[in-house]
Amino acid sequence: MAHAGSQVPYDPLVAQDHDDDHSSHHNTLHSHLNSNTYPPSHSSSSLPPGAYLPPVGPPTGGTITYNTPYRDTPSPAPHQSTEFGAPTPGFFYTDQPGTRASYASGPSIASRGSAYGSIAPLHNDRTDVRASGYTDDQWGGSKEASGHSTKQHQAGQLYEKDNLYEAPRAKSKRKAKLWICVVICALIVLVAVLVPLYLFVFKKKNHSGGGSNNGNSGNNSGGGHSSSGHGDTPSVLTWGGDGTIVTKDDGSTFQYNNSFGGYWVYDPANPLNESARAQAASPPISQLWKWGDDQIFGVNLGGWLTLEPFISPALYQPFEPDAVDEWTLSEHIQTRDGNLNAIEDHYKTFITEEDFAMIAAAGLNWVRIPLPYWAIETYPGEPFLARTSWTYFLKAIGWARKYGLRINLDLHAVPGSQNGWNHSGKSGSINFLNGVMGVANAQRTLDYIRILAEFISQEEYRNVVPFFGIINEPGTGMNNFPKSSIQAFYAEAYRIIRNAGGVGTGHGPVISIHEAYFGLGGWPGFLTGADRLALDQHTYLVFQDQIQQPVTAFPTIPCESWSANTEASLNAFGLTGAGEWSFAINDCGLYVNAVGMGTRYEGTMDGKPRTGDCAPWIDYTTWDQSTKDSLRGLGLSSMDSLRDSFFWTWRIGESTRGRVEAPFWSYKLAIQEGWAPANPRDSAGQCAKLGSTVNGYVPGSLQSWQVGGAGAGTVPSLDSYPWPPTEIGGVANAATLPMYTATGAISTLPGPTPTQSGNGNSAATPTVDFGNGWANPDDTTLMAVPVSGCTYPNPWNAVSAAIPACGVLAKREPAPTAAPAPAL
C-alpha cells in the first residue's frame with residue numbers, strides 16, 4: 001500500500017502494449033512518478049512497445065550512507081549517484097583480440113547458447129518468451145523465418161538486456177540503410193569511448209574481494225556506469241553480466257561470474273531498482289513469480305541470523321559441552337566478553353554480498369533466510385542479542401535485489417520454543433501452544449508475525465520477499481499439542497497477514513505453513529479458498545534409522561520417498577514444496593544432531609545399532625569420483641521429486657580445527673568440491689531417467705484461487721478455527737490459562753534510511769522512500785503484552801507451572817479480524 005506523501009524513486013519500466021503476468025504489477029510503484037519525484041517522470045504515450053524509459057540525469061555530489069536500525073554509526077553505501085537509463089550495448093562480435101563479445105554473438109562462445117546460457121528478452125511483441133523456454137533467439141524463432149540474416153541476427157544479439165530494445169519490425173530499405181549508418185556511427189563512438197575506458201580504468205582496477213566460484217567463462221559482458229562527478233574519480237558499473245566488476249559499499253570489488261545469463265543491478269540513485277535477474281531462466285525481480293509454474297531452486301542461509309552449533313561450530317567449541325543452543329551460547333559469551341559482539345561479528349562475516357552473487361552463479365534463484373523473533377525485541381531475562389540481526393536482514397534484502405534473488409523469510413525461533421530443539425533458540429521443553437504459557441507465547445508470536453508481514457508487504461519489499469514461512473517446524477511429531485491448536489494458530493496468522501498486505505496476486509506474500517509432523521496428507525481441505533497458502537515439508541533421510549545401502553543406491557531414494565506424496569499434495573492441497581533437504585546419507589558430522597549427542601550411524605545416540613564409521617564421511621577430501629557422482633545424483637533427484645525446494649544449507653563454517661566437519665550440509669562446499677549439480681535445471685526428469693517414481697505434477701495446473709487469482713480469499717471454513725484455541729498441549733481447557741492483553745504500543749521495523757554526508761549538500765541526495773515499516777495504516781490493533789502487576793510463570797519453563805491468579809481471561813483477544821474482501 002502506498003504511503004501518503006511518499007516519493008518512490010524511478011525504476012526502469014519497459015513500455016508494453018500487451019499483457020504479461022510477470023510485469024503487470026509495476027503499475028503501483030510507477031503510478032507515484034510525478035513532478036515531485038526524483039527523477040521527473042516521462043510520458044510513455046508516444047513510445048513504441050519495448051521502448052525504455054530513461055530518467056533525467058541525477059543530482060551530483062555528496063555521499064549516500066544508510067542508517068540501519070539500532071546503530072550509532074551508519075554503514076557506508078556507494079559514493080556515486082548515477083543515471084540508470086537504457087544501458088550501453090555490449091560489444092558486437094569481433095575477431096579482434098581483447099575485445100569482448102556479447103552472448104551468442106559469435107562462434108567463440110557458441111557453446112554458451114543453451115537455454116540457460118544467455119539472456120532472452122523480457123518482453124516480446126510476438127510471443128510470451130516465458131512460455132517459449134527462454135530461447136536465446138532474440139527474434140523468437142529461426143532467423144530464416146523472421147527474415148533476418150545471420151549477420152543481422154548477430155548484430156541483434158546485444159548485451160544481456162536485449163529486452164530493453166525495440167522488438168524487430170518491418171522497415172523500408174531506406175530506413176534499413178539509415179539504421180546501418182546509425183549502427184556504424186554508434187560502433188565508432190563505442191570503440192572510441194569504451195576501449196580506452198577498459199584499458200585505463202577497468203583493466204587497472206584492483207579486482208579484490210573474492211570472486212564467485214562459479215561460471216569461469218572469461219567473458220566480460222560489459223555493464224552500465226555511474227560517475228561520481230568528482231573530477232578524476234573513476235566511474236563504477238551499475239549493472240552487468242558475466243565477467244563484470246562489482247563495487248561494494250566499502251569500495252572493494254570482485255568479479256561477477258554467471259554463466260547462466262544472470263545480471264546484477266545496483267543504482268545508487270535508485271536503490272529500489274528491481275531489474276536484476278539471477279539467471280535467464282528465472283524472471284527478474286520486477287516480474288511476478290508464477291506460482292505453480294516457475295520452479296524454485298533455493299538454498300537456505302541457515303546458521304547466519306539464527307545460530308546453530310553444527311553450522312557455526314567454532315562459536316560453540318570454546319564452551320563445550322555447556323553451550324548447546326543460542327541461549328546458552330549467549331550467556332557464555334556475555335560472561336566471557338561482557339558483551340555479545342562476537343555474535344554480531346558472525347553476522348558480519350558468515351554471509352556476505354559475494355555469497356549472494358555466488359548463489360545466483362550456481363543456478364539458484366531463491367534464498368530462505370531463518371530469522372529469530374529477537375530480531376524484533378526480547379523480554380527481560382532472555383539473553384539473545386536483540387534488535388541486531390534485523391540490520392543484516394535488511395542487507396540481505398538489498399543484496400537479493402541486486403542479484404535477482406527472491407527471499408523466503410522464515411520465522412525460525414519463537415518465544416517459549418516451538419519444538420525444544422537448539423535451532424528454536426533454547427533446547428528443552430516446548431512452551432508454544434503447550435503448557436501453562438502456551439497461549440501467551442503464541443500471542444506474542446502472532447504479534448511478531450504481524451510486524452514482519454506489515455514490513456514485507458510494503459511495495460518497496462514485496463517483490464523481493466514474496467514468501468513468508470510463519471513458523472519453523474512446530475512440534476516434534478510426538479503429539480506435543482493437538483492438531484486443532486496449530487490449525488487455529490495458522491488460521492489467525494492467515495487473517496493477520498492478509499489484513500496487512502491484502503488479497504490477490506501481488507498483495508502480500510505467499511503464506512507458508514509447515515506440516516507440523518502431521519504429514520502432507522493431513523492438510524488437504526484446510527482453509528480451502530485461502531489466498532496463496534503453501535504447505536512446507538522438510539525432507540531428510542538421516543534423522544531416523546540409518547539407511548544401510550551403498551552411496552550409489554541413494555539417487556533413487558528421494559524419488560521413491562517424496563515424489564508421490566508431493567504430487568498428491570500439489571493436487572489436493574495446492575502449493576507444496578520443501579523448505580529443507582540435504583545431501584546427507586547418514587547423520588555423521590560435528591554437532592549434526594546436537595552438542596554431545598553422538599550419531600546414530602556410529603551407534604552412539606538413542607541406543608541405535610552401529611552402522612559404520614563416521615570418519616570417512618566427515619573427511620570429504622577422501623571422497624572418490626563415484627561418491628561425488630552419487631551425491632550429485634541424490635541432489636538432482638531431490639530437486640526433481642520435490643519441485644520447489646531449498647537446500648539446507650548454503651554454508652557450514654569451519655571448526656576450530658580449521659575444516660568443515662559436516663560436509664554433506666554445505667552447498668557452497670559441494671560446488672567447490674564437485675558434488676553439487678552443475679545446473680539445477682538438469683534435475684528435470686531425473687527420476688524418470690532413473691526409472692523411479694515420478695512427481696507427475698503438471699506446471700500451471702493449480703486452481704486460480706490457490707495462486708492469488710479469481711476466488712482467492714473466499715474461505716468458508718475460516719471461522720471454524722477461532723483464536724485462541726479451545727485446547728492446547730497438556731491443557732484441555734485453554735480458557736483457564738494466563739494470557740497477555742492487547743494494550744501495548746505498536747512496534748514497527750525500520751528500513752534503511754538514506755542520509756547525506758560528504759559535502760553536506762542535502763539537495764544532492766535523491767529522494768528515496770524505503771517505507772515506514774507498516775503496509776496497512778488501518779491495522780491499528782495494539783500489541784499483546786503482560787497484564788500490569790501480574791506475575792507470570794517463566795514462559796520458557798512453564799509446562800507444568802502453577803496457573804497464576806491474574807492474567808486469566810484478562811482482556812481476551814477481540815473476535816478474529818475479518819479477512820479482506822476476496823479478489824475478483
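**A tour from pocket to helix**

Start with helix H12, which gives three residues to the lining of the second largest pocket, the largest share. The model is a predicted one: local features need pLDDT of at least 70, side-chain atom pairs count only at pLDDT 80 or more, and totals for chains, interfaces and linings use all residues. Residues are numbered from 1 along each chain as its sequence is written, and side-chain values use heavy atoms, without hydrogens and water.

Now select H12 (557-572) together with strand S13 (533-538): these are the elements that give two or more residues to that lining. Helices (H or I, at least four residues) and strands (E, at least two) are DSSP runs, numbered from the N terminus.

Next, show Trp421, Glu473, Tyr517, Tyr540 and Phe543, which lie nearest the pocket's centre among its 37 lining residues. The space in this pocket is about 1,000 Å³. By class, its lining has 16 nonpolar, 16 polar and five charged residues. A pocket here is an open set of points on a 1 Å grid over the protein atoms alone, where a 1.4 Å probe fits, with protein on both sides within 12 Å along at least five of seven lines; lining residues have an atom within 4 Å of a point.

Move on to helix H8, residues 353-361, where nine of nine residues are buried (under 20% relative accessible area, 1.4 Å probe, protein chains only). Among them are Glu353, Glu354 and Asp355, as well as Phe356. After H8, stop at Gly363, whose phi is positive, near 85°.

Finally, colour by pLDDT, the predictor's confidence in each residue from 0 to 100. The chain's mean is 77, and 68% of its residues reach 70 or more.

Note on methods:
Points joined across faces, edges and corners; volume = space filled by probe spheres on them. Nonpolar A, V, L, I, M, F, W, Y, C, P; charged D, E, K, R; others polar. Buried < 20%, exposed > 50% of the residue type's maximum accessible area, 1.4 Å probe, protein only.
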